[in-house]
Amino acid sequence: MTNAAPPQPKPSFKKVVIGSMIGTTIEWYDFFLYGSAAALVFNKLFFPTANPLTGTLLAFSTYAIGFLARPLGGLVFGHFGDKLGRKKLLVLSLLLMGAATFAMGLLPTYATIGFVAPLLLTLLRLVQGFALGGEWGGAVLIVSEHGSAERRGFWASWPQAGAPAGNLLATAVLAILAAVQTDEAFLSWGWRVPFLLSGVLVLIGLWIRLSVSESPVFLEAQRKLEQQKVAAGAVKEKAPIVTVIRHSWREVLIAMGARMAENVSYYVITAFILVYITSELGMSKSAGLNAVLIGSAVHLVTIPMWGALSDVIGRRVTYLIGAIGIAGWMFVFFALLDTKSFLPMTLAVTVGLVLHGAMYGPQAAFFSELFGTKVRYSGASIGYQLASIAAGAVAPLIATALLSAYNSTLPIILYVVGMCVLTVIAVLAAKETKGTSLSRTDNEPAVVRA
């Protein structure tokens, strides 16, 4: 007797997956574009100082500020996403992100308006962070709640693939401009092109996202809630955040801990590398951009593979492969960079991002399965975005400061390894969630099928 083939997704579900991935790609393009520009352009145009490394630190400080707004975005979008639905909030987040990024392309620099220029840049970065804080939860949940439990890890990983796709797109645009322009032309006006391009991308993303249907799991939860209100009379519904704090605080902490190694390693590999190879190794920015470009392409392909693997061996085991792997690879990573050769550098980035994908691939399904339907947007977003403050927000800043203070990469390696230890502890503290029903109520624990 042969095993039955897993149910094939409906065309409408595939549209949800494609729409979510394209939307997240565009939003991550906007967000990552800032990180690359902070390392290559903003330090010179918005924070000109006698010491280039100091200017880079200041530029990365505004980069980190964007992360501070992400938990607020996660809280606000999560609250209304749990009450009004996933789709409406996804459309709003896309509009906010695109408008902020497009406006950055129009900003005058420090040489034109002085200190007002970095202030405006910082304000727009806050808007970016607020929008992205609401984007992630809605994008992964609307896919998770449309699909079946059997292949949730695989399908929910596609919006996750929007992160390397966005980074790939941002890095590709910058790499092309760096290749065809002189440094003077790039600093004068070329850097503005990728930011202005965001306006066109947002229109495309908006057209696709408006055609996506609302989550059936959310609609069913809303229907049951209305029935309960009718049966019990006028009962005031508690804010989702209150329920999360009261019943799901452990799950929030697990999500935060699981994010530490994933988030820190990603920004060291893709953002700090540009600082290290240009300021310390004397290599061109094009070499770093091209290495990240190739690594991101491989990353994009492997994320769904890791998500599919988590459907077989579980979320926890897959996640642990990534965390432990990154801890070991960091020692090799900087050794390969120090060869000052393009091929070893590309290998360093690519393997690092593949191992990162072992955490990022199953993450969407893992976090979605930790929470009940009516608090899922709030709980997953809060856990995910709070960790980003202590992790990705400061990772390039801390790495740059450690390099400046010790003139060695060993402290940076130990920093990443420490974050990996925290993630291993968090994942081991969690129960396996593979196969969990997403239709359970707010405070029911995750139930794993035998």
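This is a predicted model: local features need pLDDT of at least 70, side-chain atom pairs count only at pLDDT 80 or more; totals for chains, interfaces and linings use all residues.

Colleague: OK, what span should helix H3 have, and how far apart are its end C-alpha atoms?
Modeller: Helix H3 covers residues 86–104, which is 19 residues, so at 1.5 Å a residue it should span 27 Å. The C-alpha atoms at its ends are 28 Å apart, and that agrees.

Colleague: Which residues of H3 are buried?
Modeller: Among them are Arg86, Leu89, Leu90, Val91 and Ser93. Further along, the buried ones include Met97, Gly98, Thr101 and Met104.

Colleague: Let's switch to salt bridges. How many does the count come to?
Modeller: The count comes to 4 salt bridges. As background, side chains of opposite charge can pair when their charged atoms come close.

Colleague: What does glutamate 369 pair with?
Modeller: Its side chain meets that of arginine 315 in a salt bridge, at 2.8 Å from N to O. Glutamate 369 sits in helix H14 (residues 342–369) and arginine 315 in helix H13 (residues 315–337), so the pair ties together parts that are 54 residues apart in sequence.

Colleague: And does that belong to something wider? Which residues are in the network?
Modeller: Salt bridges with shared partners join Arg152, Asp311, Arg315 and Glu369 into one network. Within it, arginine 315 and aspartate 311 form a salt bridge at 2.9 Å, N to O.

Colleague: Are those residues buried or exposed?
Modeller: Arginine 315 and aspartate 311 are both buried. Arginine 315 counts as buried because its relative accessibility is 0%, and glutamate 369 is buried with a relative accessible area of 0%.

Colleague: What about glutamate 262, which residue does it meet in a salt bridge?
Modeller: That would be arginine 259, at 2.7 Å from N to O.

Colleague: Now the nonpolar core. How many residues has the largest one?
Modeller: The largest nonpolar core has 121 residues, and those with the most contacts inside it are Phe42, Phe333, Phe334 and Phe367. H11 supplies the largest share of this core, 17 residues.

Colleague: And the second core, which residues does it include?
Modeller: That one is separate and has 8 residues, including Val16, Leu90, Val143 and Phe154.

Colleague: Back to phenylalanine 42, what is it in contact with?
Modeller: Setting aside neighbours within four places in sequence, phenylalanine 42 is in contact with Tyr34, Ala37, Phe47, Ala59, Leu121, Trp191 and Phe195. Ring pairs also link Phe42, Phe46, Trp191 and Phe195 into a cluster.

Colleague: How many aromatic pairs are there by the count?
Modeller: The count comes to 16 aromatic pairs. Take tyrosine 266 and tyrosine 267: their ring centres are 5.5 Å apart and their planes at 90°, so the pair is edge-to-face. Tyrosine 266 is buried, at 4% relative accessible area, and tyrosine 267 is buried too, at 1%.

Colleague: New topic: where does threonine 24 lie?
Modeller: Threonine 24 is in helix H1 (residues 11–45), and at 3% relative accessibility it counts as buried. A polar atom of its side chain lies 2.9 Å from the backbone oxygen of methionine 21.

Colleague: What does threonine 24 touch beyond its sequence neighbours?
Modeller: Not counting residues up to four places away in sequence, threonine 24 touches Glu135, Ala139, Pro159, Gly162 and Arg209.

Colleague: Last one: where is glycine 435?
Modeller: Glycine 435 is in the segment after helix H17 (410–429) and is buried, with a relative accessible area of 7%.

Definitions and conventions. Residues are numbered from 1 along each chain as its sequence is written. Side-chain values use heavy atoms; hydrogens and water are left out. Helices (H or I, at least four residues) and strands (E, at least two) are DSSP runs, numbered from the N terminus. Buried means under 20% relative accessible area, exposed over 50%, partly exposed in between (1.4 Å probe, protein chains only). A polar contact is a pair of N or O atoms within 3.5 Å; within protein, one must be able to donate a hydrogen and the other to accept it, and residues adjacent in sequence count only if both atoms are side-chain atoms. Contact means heavy atoms within 4.5 Å. The expected span of a helix is 1.5 Å times one less than its number of residues. A nonpolar core is a set of buried Ala, Val, Leu, Ile, Met, Phe, Trp, Tyr and Cys residues joined through side-chain atoms within 4.5 Å. Rings of Phe, Tyr and Trp (its six-membered ring) pair if their centres lie within 6.5 Å; planes under 30 degrees apart count as stacked, over 60 as edge-to-face and the rest as tilted.
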